[in-house]
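Here's a quick briefing on one protein chain. Have a look at the model first, then read on.

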Amino acid sequence: MGRNGSERDDSLVSADLPEFLQKIRARTPARILMGRAGAAYRTAAQLDLRSAHAAARDAVRAELDLLAAFGEEFIRQWKIFEVQTQAPDKDAFLLRPDLGRHFTDASKTAMREKCFREIDLQVAIGDGLSAPAVARQVPALLPLLFAGAQERGWRIGQTFAIRHCRVGILNEIGDLLEPQVAVLLVGERPGLATAESLSAYMAYRPRSGNTDADRNLISNIHVRGVSTSEAAARIVQLAAQMMREKVSGFGLKEAPPALG
């Protein structure tokens, strides 16, 4: 519409980009080379930005619903059960990150009753800052991850989901279950490129007092980032390195993928 509300404003119509600019746009979700209307984005770009911002806000506030996220068959197949951190609700989780690093007493009891101790690989699922990321990525990633671990003959622990989870919960998983390697699949802080990005935090024999310096990370697991198949292969390979070198964190550099 024009300034008088009745005429079309041709300045808002996107012209076809040259081929080399199309290639640049195709390689990144960043909002570059999208044209402008005066000093602002064009209407389509502005609406897309507002939609992405709303999705990010919704992802942070969303609660993880295992049945809705995974379905009854998936939960039954992998025998996934839910535990809870000391953050009683979403507000406490966001305002008190420390509460998201410790289990409730009831959750500790459930883990002791349902999980194996001193196994090779323990996988946990945490809602983190994006429950939608967990719902979108975990159903494809978890079976691939288990298949890779089984091929190596590892003893695999019982998977569980953690509500109101922070990365530091890996320390208590280590204290309670004593696995060789613990993997936490957790929803990343959403951005304006995607609200469905998952991270895999990993630690060799995690214990109380460990920090991020003692952990490794494979991030950006989503449709336009690291694929679930690539993520599974990298997680298994990195876990094997940890078991072999008996270390994780800054003392361990992820080996490049094998050629061919």
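Let's start with Lys79, which sits in the loop between helix 4 and strand 3 (81-84); helices (H or I, at least four residues) and strands (E, at least two) are DSSP runs, numbered from the N terminus. Keep in mind that this is a predicted model, where local features need pLDDT of at least 70, side-chain atom pairs count only at pLDDT 80 or more, and totals for chains, interfaces and linings use all residues. Residues are numbered from 1 along each chain as its sequence is written, and side-chain values use heavy atoms, with hydrogens and water left out.

**Two lysines with a positive phi**

- Lys79 isn't a glycine, yet its phi is positive, at about 55°.
- Lys79 is also exposed, with a relative accessible area of 60% (buried means under 20% relative accessible area, exposed over 50%, and partly exposed in between, using a 1.4 Å probe and protein chains only).
- Lys246 is another residue other than glycine with a positive phi, near 55°.
- You'll find Lys246 in the segment after helix 9, and at 56% relative accessibility it counts as exposed.

**The whole chain**

- The chain has nine helices and eight strands.
- Its C-alpha trace spans about 70 × 45 × 35 Å along its principal axes.
- Of the 260 residues in the chain, 45% are buried.
- Take the contacts (heavy atoms within 4.5 Å) between residues at least 6 apart in sequence: 68% of them join residues at least 24 apart.

**The nonpolar cores**

- In soluble globular proteins, nonpolar side chains tend to be buried together.
- A nonpolar core here is a set of buried Ala, Val, Leu, Ile, Met, Phe, Trp, Tyr and Cys residues joined through side-chain atoms within 4.5 Å.
- The largest one has 42 residues, and the members that touch the most others are Phe70, Ile80, Val181, Val183, Leu185 and Met202.
- Elements that each supply at least two residues of this core include helix 3 (66-70), helix 7 (131-151), strand 6 (181-187) and strand 7 (198-204).
- Helix 9 gives this core its largest share, nine residues.
- There's also a second, separate core of 20 residues, with Ala110, Cys165, Ile173 and Leu184 among them.

- Ala182 belongs to strand 6, and it is buried, with a relative accessible area of 0%.
- Ala182 and Met202 are 20 residues apart in sequence, but their C-alpha atoms are 5.7 Å apart in space.
- Setting aside residues up to four places away in sequence, Ala182 touches Gln122, Leu170, Ile173, Tyr201, Met202, Ala203 and Pro206.
- Leu121 lies in strand 4 and counts as buried at 2% relative accessibility.
- Between the C-alpha atoms of Leu121 and Thr159 there are 10.0 Å, with the two residues 38 apart along the chain.
- Among the residues that Leu121 touches are Ala149, Trp154, Val181, Val183 and Ala239, again not counting residues up to four places away in sequence.

**How helices pack**

- Two packed helices are described by the angle between their axes and the distance between the axes.
- Axes are lines fitted to C-alpha atoms, for helices over the stretch in contact, and angles run from 0 to 180 degrees between N-to-C directions.
- The axes of helix 6 (residues 105-114) and helix 8 (residues 169-177) come within 10 Å and cross at roughly 50°.
- That angle makes helix 6 oblique to helix 8 (under 35 degrees counts as roughly parallel, over 145 as roughly antiparallel, 65 to 115 as roughly perpendicular and the rest as oblique).
- Lys108, Met111 and Arg112 of helix 6 make this contact with Glu172, Leu176 and Leu177 of helix 8.
- Those residues split into three nonpolar, no polar and three charged (Ala, Val, Leu, Ile, Met, Phe, Trp, Tyr, Cys and Pro count as nonpolar, Asp, Glu, Lys and Arg as charged, and the others, Gly among them, as polar).
- Helix 7 and helix 9 have axes that come within 9 Å and cross at roughly 40°, so these two are oblique to each other.
- In that pairing, residues including Leu141, Leu144 and Gly148 in helix 7 meet residues including Ala232, Ile235 and Val236 in helix 9.
- The contact of helix 7 with helix 9 has nine nonpolar, four polar and no charged residues.
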